[in-house]
Amino acid sequence: MKHVVVIHLGEGEAVQAVSCLGQAITLRRVGCGGDPERARALIARFDGQADAISLDGLPARLRLGSAAAVHAVGASLASAAAGTPVVDGGGVRDGFERWGVKLADQAQPGLFAEKHILMVPGVNHVGLAQALSKHSPAIRFADPVVYFALPDFPGVGARQTLEQAARPTLERLKEFPFRRLTPQPNGRDPAHQPVPRAATPFQWADVLTGDIGAIRRYAPDRLDHKTVVVEWAGDEDLADLQRRGVGIGRASCRERV
């Protein structure tokens, strides 16, 4: 049985048995609280004990459109392991996202056709944006709203301005701490109230896609009849989407509602 350790931005530790392509895997999820030094210590702790160490929300490289940048802290984490491979999904994410969109469209033809689609965010979801653009030309990027709390001025987040804005956006994001780079769904915690974000891009959209944490944290409280497509969602995420009135929620890897 393979042993895979996933280090994520939250807290706590949980172990579950999963199967992938007939291979039994023990999956251990361990939180680092967004602290890179804790993440580094966890990598060293499991080095040589696990078959692979995966970093969830601690990317080494950032991509938006055709632009790319190295996140210096994220890129340095792998060096904490002497033998066990340390990965962040960057090499396979685009392919899995394209595949996930294809499977979702096959399961429910027309799911994305001519819909208003909002990337929340577009950073490190290049494959997802490319796949969805084949179904609808109406795609916007919530990155300026999510990361910089910009108002919804005309042209902000538009697909037409993506290439112009991508490089300067990544130049700023590569300095962000992990919890700002990958927002977590704690916006209703009185101790961690986020700066309010413009609601109009979310209201415009029929489909919200990207990261479940950013969607839950920054989208308006009511999301009636909208479709949400993310890489994965836990029970708490699904319950929150249902409470907020989401019409269809899809998680390509773990759960769907």
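**Salt bridges in the predicted model**

R140 is buried (under 20% relative accessible area, with exposed over 50% and partly exposed in between, for a 1.4 Å probe and protein chains only), since its relative accessible area is 17%. The structure is a predicted model, in which local features need pLDDT of at least 70 and side-chain atom pairs count only at pLDDT 80 or more, while totals for chains, interfaces and linings use all residues. Residues are numbered from 1 along each chain as its sequence is written, and side-chain values use heavy atoms, with hydrogens and water left out.

A salt bridge is a side-chain nitrogen of Lys or Arg within 4 Å of a carboxyl oxygen of Asp or Glu. By this rule, 16 salt bridges are counted. R140 takes part in one of them, with D152, where the closest N and O atoms are 2.6 Å apart. D152 lies in the loop between α5 (143–148) and α6 (162–173) and R140 in strand β9 (residues 139–141), so the pair ties together parts twelve residues apart in sequence. Helices (H or I, at least four residues) and strands (E, at least two) are DSSP runs, numbered from the N terminus. D152 is partly exposed, at 26% relative accessibility.

A salt bridge also joins R93 and E231, with 3.3 Å between the closest N and O atoms. This pair links distant parts of the chain, 138 residues apart: R93 is in helix α3 (residues 93–107) and E231 in the loop between β11 (227–230) and α10 (235–243). E231 is partly exposed, at 24% relative accessibility.

Within helix α1 (residues 36–46), R40 and E37 are three residues apart, about one turn of the helix. Their side chains meet in a salt bridge of 3.5 Å, N to O.
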